[in-house]
Amino acid sequence: MDREKILKKYEPTRENLLYILHDIQNSKEEKYLSEDDLVAVSKYLKVSRSEVMGVATFYTMFSVKKRGHHIVRVCVSPPCQLMGSDTVFNYLKKTLGVKEGETTDDNMFTLETSSCLGVCAVAPAMMIDDDMYGNLTPEKIDEIITKYREKKNG
Amino acid sequence: MKLEDLKKIREKMEKETSLREGKGRIKAVVGMGTCGIAAGAREVLSALLDEISKRNLTDIVITQSGCRGLCDREPIVDVYEEGKEMITYGNLTPEKARRIVAEHFVNGNIVKDLLVSSK
Amino acid sequence: MAKIYNLLLCAGASCISSGGYSFRDKLVEELKKHKLEGMVNIVETGCVGICELGPVVIVYPDGVFYKKLKPEDAKDIVEEHLLKGRVVQRLLYKEKDSEKIVQQAAQIPFFQKQLKIVLRNCGIIDPESLEEYIGKDGYSALAKVLTEMSPEDVIKEIKDSGLRGRGGAGFPTGLKWELVRNSKGDEKYVVCNADEGDPGAFMDRSVLEGDPFSVIEAMTIAGYAVGAKQGYVYVRAEYPLAIKRLKSAIKKAYDENLLGKNIFGKGLDFDLEIRVGAGAFVCGEETALMHSIEGQRGTPSPKPPFPADKGLFGKPTLINNVETYANICQIILKGSKWFSSIGTEKSKGTKVFALAGEINNTGLVEVPMGTTLREMVYEIGGGLPNNKKFKAAQIGGPSGGCIPAEFIDTPLDYESVKKLGTIIGSGGLIIMSEDTCMVDLAKYFLEFTQDESCGKCPPCRIGTKKMLEILERISKGRAKEEELDLLIHLGEQICKTSLCGLGQTAPNPVLSTIRYFKDEYLEHINEKKCRAGICFKKKK
């Protein structure tokens with residue numbers, strides 16, 4: 001869906017700002033909000049550009065930098081840390097060949113950290129887009145990452 | 001919905017949950033909270049459905065539910081059978097789910113090694 | 001032969017290796033001999049998992065299970081069972097010890113000790129089925145409220161029950177409802193705080209995923225009681241499944257006119273919408289949450305004015321968390337007397353705890369207020385793995401503190417826990433063994449709150465950063481002893497001067513671990529020693 005269609009879905013009131021930003025960001029391959037997007041939203045809602053920028057940069061789930069197709073968010077909250085999320089995170093860094101906040105060369109994944117994902121009983125956990133994965137081990141991570149890559153190639 | 005409808009639905013559900021009037025001899029409830037799904041409940045659910053359709057079993061109802069709290073034993077499946085106490089299976093995999101269909105649903109033998117028990 | 005048979009032949013590696021295929025070949029031969037090929041389907045399945053009994057075959061539609069088959073058995077199965085309909089007894093799989101009592105889930109201490117009010121339907125009903133919810137007395141509470149009770153009656157019932165907010169602060173719920181009801185204004189709002197951000201707590205997610213209608217019904221009752229026509233549920237974006245289930249439940253409620261205009265034909269109007277966050281822990285604070293609903297940055301504002309006077313869009317607003325709402329319908333149905341008979345003198349009802357960390361049974365448990373920590377750890381939780389020694393429990397997430405082993409018999413209720421210098425908070429309970437370093441733990445939590453600080457007020461923004469720097473120096477063995485006093489002093493000041501709950505409670509994990517494990521801090525400082533073996537390991 002293009003940006004204009006997304007905007008039209010919502011009444012032009014300030015309270016729809018978060019929904020609009022979510023929708024625009026999700027509609028884009030690079031999963032981010034561009035300068036143009038923010039300007040368009042600001043015009044549509046009649047809210048100043050700095051205010052829109054302020055919201056877009058306040059919440060960790062919005063990005064104003066280009067990202068990969070899939071956002072990998074590793075939970076680094078204390079319950080997961082106790083259960084070994086450091087190992088998981090380091091393994092992902094190695095496997096994907098990126099540091100925190102970076103995107104893989106093929107633009108498939110962006111690696112991020114997240115506060116508690118609320119699945120502490122299956123810690124350590126991570127989320128890829130809207131899907132949750134728990135009880136992570138290096139083997140399981142390989143399996144999951146392979147699945148995503150195969151989906152793309154197949 | 002009117003107030004009178006509430007009572008009607010309740011009566012209908014009472015009958016159905018007692019299984020007698022319902023479609024199933026056995027009802028299996030798969031815990032599909034996020035923790036369950038993260039631990040592989042979706043794969044377990046599809047294995048159950050697949051095994052049941054492969055075997056043409058028409059008297060088994062599979063439904064989903066939220067989290068029952070015993071998250072580290074997820075994926076969990078509760079089995080309700082007429083006149084019997086509920087049984088809970090835990091730490092399931094698709095293969096184990098298929099075993100439950102074969103051994104429990106078809107042959108009536110509870111799969112003891114898959115039961116949730118105290119550690 | 002009257003019916004068509006399906007023969008399910010296990011073609012798992014194990015059955016094949018024990019002769020599954022030679023049995024199959026013989027079976028095909030026998031079927032041909034009796035001209036039954038068209039009537040019988042042979043289906044090869046994956047491993048059925050009882051490999052020691054292979055090869056096995058299951059005959060449908062009868063569902064008969066034959067085990068340890070040899071090629072010569074094919075003849076009997078075809079001639080006896082398929083042709084004559086007689087089960088071949090000698091090949092039948094029977095359970096050897098069927099008389100043995102099977103341990104039922106309900107008999108496990110994990111479930112035995114629990115009393116489920118909030119989680120009563122979670123894991124029992126299909127969360128997307130309104131009918132199943134109604135089958136479990138769903139919407140009976142709203143029906144009762146609309147036919148028998150005035151808004152004042154509802155508020156009195158909630159007040160009498162002694163229910164207190166389950167989100168952290170423990171403010172009496174009925175009183176909050178009354179404040180909003182008495183607040184002047186035509187337009188009022190009812191808000192549900194489902195921005196469950198505390199690391200280690202996930203009961204709200206579980207309720208929304210497992211029993212969304214119970215929250216919708218309770219919010220409708222709240223709307224009636226306080227005089228609000230519009231409600232919002234603010235859910236964090238990290239919970240996509242909860243959002244999906246709640247959306248589906250709201251739609252179904254609208255379809256059946258359980259939301260919208262003139263509910264049950266009783267003249268009650270109530271609309272409900274979902275608002276989704278975007279990853280900001282501070283939005284769990286009520287004023288920040290309301291700003292986020294309005295489409296602003298989720299930063300808190302000073303109180304007063306309280307939401308009950310000036311909340312969402314500047315109107316009187318009732319805001320409760322998910323677990324609190326999940327209690328409401330049961331209180332209405334069973335009465336305040338029933339509810340207040342559960343729990344302790346000042347803490348009524350149950351509390352859901354999220355058990356995590358080094359414990360055998362992790363998960364969600366709902367127990368009467370006043371259940372001791374010992375019962376939680378050893379009976380419900382099943383003890384620590386490998387019989388490790390219990391060292392402490394972190395309760396209340398990053399806003400709470402720890403309860404050390406010597407207080408394991410403390411009843412978990414608002415007052416008793418407060419006496420130990422911590423709070424029940426949202427109910428996260430992280431169990432720790434001797435392998436956990438308390439300095440390290442405090443550092444983890446402070447890193448978290450420091451990172452999540454919205455930056456609006458200096459005590460929280462700068463203070464937590466300074467505290468974290470000292471903690472880091474301690475964990476590296478570079479701190480001086482007097483810095484420990486500075487840490488305490490700084491912590492106390494941040495508690496007193498921060499704008500919102502995040503900052504006011506951020507130093508708690510540090511202060512509480514210093515209170516009970518000062519020795520460990522001193523060991524780090526003076527002896528460069530970490531008894532759990534965590535802190536100085538990394539230097540190698």
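Angles here run from 0 to 180 degrees between N-to-C directions, along lines fitted to C-alpha atoms. Keep that in mind for the first stop. The model on screen is predicted.

**Stop 1: the sheet of chain B**

Next, pick strand 1 (residues 26-31) and strand 3 (residues 77-81) of chain B. These two pair in the antiparallel sense, over 5 bridges. For one bridge, click B:Ala28: its partner in strand 3 of chain B is B:Val79.

**Stop 2: where chain B meets its neighbours**

Colour by chain. Start with chain A: 9 residues of chain A are in contact with 8 residues of chain B. On the chain B side, 5 residues are nonpolar, 1 is polar and 2 are charged.

Turn to chain C. Here the contact takes 46 residues from chain B and 56 residues from chain C. Several elements of chain C each supply at least two residues to this side, among them strand 1 (5-10), strand 2 (40-45), helix 6 (140-148), helix 9 and strand 11 (363-368). By class, the chain C side has 29 nonpolar, 19 polar and 8 charged residues.

**Stop 3: helix 9 of chain C**

Select residues 203-210 of chain C, which are helix 9. Are these residues buried or exposed? In helix 9 of chain C, 8 of the 8 residues are buried, so the helix is largely enclosed by the rest of the structure. Charged side chains are on the list too: C:Asp204, C:Arg205 and C:Glu209 are among the buried residues.

**Stop 4: helices 10 and 11 of chain C**

Show helix 10 (residues 212-226) and helix 11 (residues 240-255) of chain C. Their axes come within 9 Å and cross at roughly 55°. That makes helix 10 of chain C oblique to helix 11 of chain C. The crossing is right-handed.

Helix 10 of chain C brings C:Pro212, C:Phe213 and C:Ile216. Helix 11 of chain C brings C:Arg245, C:Leu246, C:Ala249, C:Ile250 and C:Ala253. Of the residues in this contact, 7 are nonpolar, none is polar and 1 is charged.

Note on methods:
Residues are numbered from 1 along each chain as its sequence is written. Chains are lettered from A and ligands numbered from 1 in the order in which they are written. This is a predicted model: local features need pLDDT of at least 70, side-chain atom pairs count only at pLDDT 80 or more; totals for chains, interfaces and linings use all residues. Helices (H or I, at least four residues) and strands (E, at least two) are DSSP runs, numbered from the N terminus. Angles under 35 degrees count as roughly parallel, over 145 as roughly antiparallel, 65 to 115 as roughly perpendicular and the rest as oblique. A crossing is left-handed if the near helix is turned anticlockwise from the far one by less than a right angle, and right-handed if clockwise. Two residues are in contact if their C-beta atoms, placed from the backbone, lie within 7 Å. A residue is buried if 20 or more other C-beta atoms lie within 10 Å of its own, exposed if 12 or fewer, and partly exposed in between; C-beta atoms are placed from the backbone. Two strands pair if DSSP finds at least two bridges between them.
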